Amino acid sequence: MKSHLVLVGLPGAGKTSVGKPLAEALGCPFVDVDAEIERREGKTVREIFAELGEPHFRKREREITKNLRDKPAAVVAPGGGWVADPANIALLRPPARLVYLKVRPSVALARLGKLRGTRPLLSRPDPLAEITRLLEERRVAYESADMAVDTELFDLQGVIGKIAELASAGG
Ligand code: S3P
């Protein structure tokens, strides 16, 4: 693979669950942008939002994206809001390709389960309304991806297989 594959989609779409084994299958590094932000800050995403605010988090997200430009091809999993800033996409694509992991909001929430508490934007009284709103706000950006995989139609191996096909087809 010559360029990054960026997995985009709602929280709970499976970006990290798919990204790690996909990177292994492709023999390239896996970059979890949220984990990288947490490492640099020495705080969890939840703490960053609470103590430093969302704009600070978004700034870090942008910095890490910039750094990725000169890095060897990787499978990259940014947080679900990464696509909302067109500058992030413009920094990497081309040559990077975006893969949209599709999931319905209700299914995404069910997948997150207790982990929902680690997602500040979903730690609100009506999480289904929040995640549905996030999808509406981001739908056009998600759908601008180079490929979409409906994660409700395939199991984990199936999703990985579909994306690996794309990666080998396009380099
Ligand atoms: C966010 C998604 C989270 C994390 C942060 C904001 C979002 O990542 O980056 O809580 O704006 O949708 P996941 O998509 O991995 O949950």
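**Entry 1: lining of the largest pocket.** I looked up the lining of the largest pocket by class and recorded 12 nonpolar, nine polar and 10 charged residues. I note here that the model is predicted. In total, 31 residues line this pocket. Those nearest the centre of the pocket are Pro11, Thr16, Asp34, Leu112 and Arg119. I then asked which elements give two or more residues to the lining. They are helix 1 (15-26), helix 2 (33-41), helix 3 (45-51), helix 4 (54-68), helix 6 (105-112) and helix 7 (127-143).

Entry 2: I looked up the space in the largest pocket and noted about 710 Å³. I also checked where the ligand sits, and the largest pocket is the place.

**Entry 3: shell around the ligand.** I found 13 residues around the ligand. By class, I recorded five nonpolar, three polar and five charged residues in this shell. Lys15, Arg58, Gly80, Arg119 and Arg138 come nearest to the ligand.

Entry 4: I looked up atom pairs between protein and ligand. For Arg58, a polar side-chain atom lies 2.8 Å from an oxygen atom of the ligand. For Gly80, a backbone N or O atom lies 2.7 Å from a ligand oxygen atom. For Gly81, a backbone N or O atom lies 3.3 Å from an oxygen atom of the ligand.

**Entry 5: burial.** How much of the ligand does the protein bury? Taken alone, the ligand exposes 380 Å², and I recorded that the protein buries 95% of that.

Terms used: Residues numbered from 1 in each chain as written. Predicted model: local features only at pLDDT ≥ 70, side-chain atom pairs only at ≥ 80, totals over all residues. Heavy atoms only, no water. Near = heavy atom within 4 Å. Polar contact = N/O pair within 3.5 Å; in protein donor to acceptor, adjacent residues only side chain to side chain. Areas by Shrake-Rupley, 256 points an atom, 1.4 Å probe, with all protein chains shown as cover. 1 Å grid on protein atoms, 1.4 Å probe; cavity = no way out; pocket = protein on both sides within 12 Å on 5 of 7 lines; lining within 4 Å. Sits in = over half its atoms within 2 Å of the grid points. Nonpolar A, V, L, I, M, F, W, Y, C, P; charged D, E, K, R; others polar. Points joined across faces, edges and corners; volume = space filled by probe spheres on them. Helix = DSSP H or I, 4+ residues; strand = E, 2+ residues; numbered from the N terminus.
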